[in-house]
Amino acid sequence: MRRDHGGDIDKAAARYGAGDWIDLSTGINRRPWPVAALPDEAWRALPTAAASARLTGIAAGWYRCDPGHVLPLAGASAAIQLIPRLLPAGRAAVLAPSYNEHAASLRAAGWQVGDAAGIEDMAGADLAVVVNPNNPDGREWAPETLAALAGRVGHLIVDESFADPRPDLSLAPTAPDNTLILRSFGKFWGLAGLRLGFVIAAPALLERLAEVAGPWSVSGPALAIGASAMADHLWADETVVYHSEACLRLDRLAHAAGWIPAGGTHLFRLYDTPDAAAAQQQLAEARIWTRRFPYSARWLRLGIPGSHDEWDRLATALRQPAPASLPG
């Protein structure tokens, strides 16, 4: 069954026409880390244990945890699909609204899934799932709060896919043994096509997860590019500064258009609009794609523009009068 996601530019083009689309429907950094040419060996040979160990060590330094607690996978999405089958199915509580793949993957694996409005509603669950900071509203929880929750549930999944600019939010340095932390590489470094992510957990859990994932779960090019990118702290610092300022700029543009900021992170912003369908259409007619949500007629999420041209096009589009919304 197809699930609702951002990033479907083909769908946007089919509805509004082809053109030079700016995809702001995801939280993927539009100023990606600059990939250099790779040695031929990275493409021709199977991934080596040494290459995996190098990436794992660099990632552990970034996440401030022991390398033995880090497992690279083919994207955080791979972990979302695999972990529900790693644990015995029971009752899961997912903090909502949030990224819809968590609940969908759990149900597909036989879990009984219920939405939780707050952390206090999750106690007693066999598995609790929290996205921190949350997608799409940017809600956040201190590591101490999540560590306390881990003591009241069977297992805890903390999806930190948008936490790279916010190391203060990460539970990775002090994760309890019943916790699995998911990290995305593609969002912050802007290289989603690489399909790289990490799980941070106790070694016993990682050994079982590695068996389920199978050998060579991460490609050689992904290992090499990921290691180089995550070691580039100067680029990371400059990227955090850019997005910190860009969030304020985007909020100002949205406010001038009559939208009310409703949350977000360094990589996306959420707005309460008079009519999300009309607002999405307004920008789509300028070939700018944004993200609506099936459970809200007012919420619209925008990623952060990545260039002067993108900012200019967005500002111009927002100054246009909003059309009447299309059906559907």
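This is a predicted model: local features need pLDDT of at least 70, side-chain atom pairs count only at pLDDT 80 or more; totals for chains, interfaces and linings use all residues.
**Notebook: helix packing, salt bridges and one buried threonine**

I started with helix 4 and helix 5, which pass each other in a right-handed crossing. For handedness I used this convention: a crossing is left-handed if the near helix is turned anticlockwise from the far one by less than a right angle, and right-handed if clockwise. Helices here are DSSP runs of H or I with at least four residues, strands are E runs of at least two, and both are numbered from the N terminus.

Residues are numbered from 1 along each chain as its sequence is written, and side-chain values use heavy atoms, with hydrogens and water left out.

**Helix 4 against helix 5**

I looked up the axes of helix 4 (residues 76-86) and helix 5 (residues 100-108): they come within 9 Å and cross at roughly 40 degrees. That puts helix 4 oblique to helix 5. The axes are lines fitted to C-alpha atoms, for helices over the stretch in contact, with angles from 0 to 180 degrees between N-to-C directions. As for the angle classes, under 35 degrees is roughly parallel, over 145 roughly antiparallel, 65 to 115 roughly perpendicular, and the rest oblique.

Next I listed the contact (heavy atoms within 4.5 Å). Ile80, Gln81, Pro84 and Arg85 of helix 4 meet Glu101, His102, Ser105, Leu106 and Ala108 of helix 5. I sorted these residues into four nonpolar, three polar and two charged.

**Helix 3 against helix 9**

Residues in the contact include Leu55, Ile58 and Trp62 from helix 3, and Leu223, Ala227 and Met230 from helix 9. I get ten nonpolar, three polar and one charged residue in the contact of helix 3 with helix 9.

**Salt bridges**

My rule was a side-chain nitrogen of Lys or Arg within 4 Å of a carboxyl oxygen of Asp or Glu. With that, I count eleven salt bridges.

Glutamate 310 pairs with arginine 30, with the closest N and O atoms 2.7 Å apart. The partners sit 280 residues apart, glutamate 310 in helix 12 (residues 308-319) and arginine 30 in the loop between strand 1 and helix 2. I checked exposure too (relative accessible area under 20% is buried, over 50% exposed, partly exposed in between; 1.4 Å probe, protein chains only). Glutamate 310 is buried at 12%, whereas arginine 30 is partly exposed at 28%.

Aspartate 251 bridges to arginine 269 at 3.0 Å between the closest N and O atoms. The pair ties helix 10 to strand 10, 18 residues apart in sequence, and both residues are buried.

Arginine 44 and glutamate 41 make a bridge at 4.0 Å, N to O. They are three residues apart in helix 2, so about one helical turn separates them. Arginine 44 is exposed at 65%. I also found Asp40, Glu41 and Arg44 linked in a salt-bridge network.

**Threonine 273**

Neighbours within four places in sequence aside, I find threonine 273 in contact with Trp259, Ala279, Arg298 and Leu300. The C-alpha atoms of threonine 273 and alanine 297 are 8.5 Å apart.

Technical notes. Ala, Val, Leu, Ile, Met, Phe, Trp, Tyr, Cys and Pro count as nonpolar, Asp, Glu, Lys and Arg as charged, and the others, Gly among them, as polar.
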